[in-house]
Amino acid sequence: MGVKYMTKTILELDNVTIRFGGLTAVDSVDMKIEEGTIRALIGPNGAGKSTIFNLITGIYAPTAGEIRFMGNKINGLKPHVITKMGIARTFQNIRLFGEMTVLDNVKIGMHCRTCTGFLGALVRSPRVKAEERAITEASMEALKLMELDHKADELAMNLPYGEQRRLEIARALASRPKLILLDEPAAGMNPQEKQTLMSMIRKIQAMGLTIFLVEHDMKFVMSLSDRIAVLDYGRKIAAGSPAEVQRNPAVIAAYLGKEVV
Amino acid sequence: MDSIFSMFLNDYYIQVLTMLGIYLIGALGLNLITGVTGQLSFGHAAFLSIGAYTSAILSLKLHTPFGLAILAGGLMAGLWGVLLGYPTLRLTGDYLGIATLGFGEIVRVVFLNMTITGGALGLAGIPRNTTLTVVLLVVILSVWAMVRLENSRFGRSLVAIREDEIAAEAMGVNITTAKITAFAIGTFLAGISGGLYAHLIQYLNPSDFGFLKSFEFLTFIVLGGLGSIPGVILGTSVLTLAPEFLRFISDYRMLVYGLLMVFMMIVRPRGLLGGVQLRRLFAKKNVQQTGTSASGGAN
């Protein structure tokens, strides 16, 4: 892979392993993600992709190895602390706050960037009101980016599937992350919705964010990502540019099975 | 104020309304814990009893001024709320329910065996300082506080915890702190409610604060609609006033409550006013008036 510019590593997985009882779900995975790039993580079902996301966001703590975000070790930190440091995520099986409005969902994303506690809520000083206005404005902006601003007052559970996925991204963006993890963002979308989503992700990249995504749709992954890592049975079996990964025999074997000669 | 009330209402109605207000304060507290934050509590009456006994003992033994005694009762209940909440709020759903149920029974048995509480004989001779005016003021203050909380950053984070704990945490909400804060506020209100009760009824007995009382509070908020302030007011009013006006079924009150719970779960699991929020009622009106999609800003 040709050296282009001096790029900064934003996220680094160093020999990361997690075992659940006898099962090694993620096995000594190394990875370096450069700032401002789109990185994809692919692999067959059960390869450990979502587990890696859960490790990065602090839902699980690795059994061994280290995860560094902008040079700081983050394994063992609580999820909300990691979010505050600048990592946001979406979920494979959509986890929206269904009974809350679309706008309120996004406002929760702003939670870690704001500070009013319950006493502030009671007093409602000018500072608190100003903060609430700022939250509303920033949340509307995130909604506009994902083209959901016209649905701001609807309940999240009433949105169609594709829009729910986009709302999750808007919510993640509201936390002003430096790195955003998208877990199967295109799942269940029709080709047109996928196109829209792709351009939205590019817009997010243009804002200076780093994107790390898990996705099964190969066309989507190949045309969007700068680099791809391939996971199989918890091990990283390949990494490189989309073209390199497509030619890699180990990848072909993992997806299609080994050729019987 | 009280003299104005007594011009229009006889003592009986004043007593009933005062009790309604007291229950409403406790129910608003439970609503914050169970309705808004989604943390099942079967031990709410225990926090009422902590507030009741604390304020009653302060009044009886130290002649503490009424307002101060009530406040102390609330703070004591809130403190125990935090002490119970810290280890148990990691539990979810049924497990939390069982833990709070256990706590409720422990508190009852402890009060039954303490000398300062008068044990099974109960605590009598508490000064009757609770008036309808006082209760009304506290109710208004509580409703006002709950509405403000509901529409704040803090309130949103509580609802987010109820809706999806993992997502809330991933979005940056410190769920342990948020849950404990909600528990502290909810149990504080229970303590206030208990203190007012003690200074109205003038007599406390641990058996008045058993599991059935906790269950009663749950029915108040389930009937009205979990998490909805208008719902809590409706549910508590219906279930407190109905037995008074329907004296003939008062013996079967708990039976009716139980049936009502079953019926509600089948017909309207989210309560009579489930999902109804004061703010959203107003927001809808704005949309119709201006004809545009209101983009938040409903402060």
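Let's start with the sheet in chain A of this predicted model. Six strands, in the order 6-7-8-3-9-10, form an open sheet with mixed pairing. At its edges you will find strand 6 (87-89) and strand 10 (235-240) of chain A, each of which pairs on one side only. If you look along the sheet, neighbouring strands are turned by 20° against each other on average, direction ignored.

Now pick out one pair of strands. Strand 3 (residues 38-42) and strand 9 (residues 227-232) of chain A run in the parallel sense and are joined over 4 bridges.

From here, let's move to where the two chains meet. Chain A brings 36 residues to the contact and chain B brings 32 residues. On the chain A side, helix 2 (79-85), helix 3 (102-109), helix 4 (118-123) and helix 5 (126-145) each supply at least two residues. That side of chain A divides into 13 nonpolar, 12 polar and 11 charged residues.

Helix 3 of chain A deserves a look of its own. How many of its residues are buried? The count is 8 of 8, so to speak a mostly covered helix. Among the buried residues are Asp104(A) and Lys107(A), along with Val102(A) and Ile108(A). The buried residues of helix 3 pack against helix 5 and helix 6 (161-174) of chain A, together with helix 7 (153-163) and helix 8 (165-170) of chain B.

Key. Residues numbered from 1 in each chain as written. Chains lettered and ligands numbered in written order. Predicted model: local features only at pLDDT ≥ 70, side-chain atom pairs only at ≥ 80, totals over all residues. Contact = placed C-beta atoms within 7 Å. Nonpolar A, V, L, I, M, F, W, Y, C, P; charged D, E, K, R; others polar. Pairing = 2+ DSSP bridges. Axes fitted to C-alpha atoms, helices over the stretch in contact; angles between N-to-C directions. Buried ≥ 20, exposed ≤ 12 C-beta atoms within 10 Å, placed from the backbone.
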